[in-house]
Amino acid sequence: MIKKILLALAIVLVVIQFIRPAKNNAGGVQYSLPTRYRVPPEVNVIIKSSCMDCHSNVTRYPWYAEVQPAAWWLANHVKEGKKNLNLTEFTNHSIAYQNHKFEEIIEVIQEEEMPLPSYTWFGSHPEANLTAEQRETMVIWAQSQMAMIAERYPADSLVMKRRN
């Protein structure tokens, strides 16, 4: 009985290897964050190593992204990350949205909610773990972007509209 169960499990694991999610490689920079905002080199390094894989249209995939069901989990992880913040499509949204996203960036970094712990499980992506200095750099940068927005746009244009 155990042999039959193990054989069935092995067959299922082999079959699911042929059911692959689409890769997140849409690219495009027309609406990316640096097209409108100054991103200093030290911030750019942090964003590239800690944020872009889940929060952009270009993901660098680890080796286990070729193994099911890990690839499905990663695809969902990236989909959710992009739904919350897509740095490749950042400036394609209203200025209120952009301002709000800077506010959220500050919050999740200060609360140490990003990167997600699952992103660094088992020692994977150690470069994504932010030091206290990197967190401070990111927060100061995001605050400066919000200040720049506040200087350039009327206050009422920075209010997010409620969805009905």
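How many residues does helix α4 have, and how far does α4 reach from its first C-alpha to its last? Helix α4 (residues 95-110) has 16 residues and reaches 23 Å, close to the expected 22 Å, where the expected span is 1.5 Å times one less than the number of residues. This is a predicted model, in which local features need pLDDT of at least 70 and side-chain atom pairs count only at pLDDT 80 or more, while totals for chains, interfaces and linings use all residues. Residues are numbered from 1 along each chain as its sequence is written, and side-chain values use heavy atoms, with hydrogens and water left out.

**Overall build**
- The chain holds five helices and zero strands, with helices being DSSP runs of H or I of at least four residues and strands runs of E of at least two.
- Along the principal axes, the C-alpha atoms fill a box of roughly 70 × 40 × 30 Å.

**Burial and contacts**
- Of the 164 residues, 37% count as buried, meaning under 20% relative accessible area with a 1.4 Å probe, protein chains only.
- Contacts are heavy atoms within 4.5 Å; among those between residues at least 6 apart in sequence, 79% join residues at least 24 apart.

**A look at helix α4**
- The buried residues of α4 include I95, F102, I105 and I109.
- An α-helix has 3.6 residues a turn, so residues three or four places apart point the same way.
- The partners that the buried residues of α4 pack against are α3 (70-84) and α5 (132-152).
- After α4 comes E112, with a positive phi near 55°.

Definitions and conventions
Buried means under 20% relative accessible area, exposed over 50%, partly exposed in between (1.4 Å probe, protein chains only).
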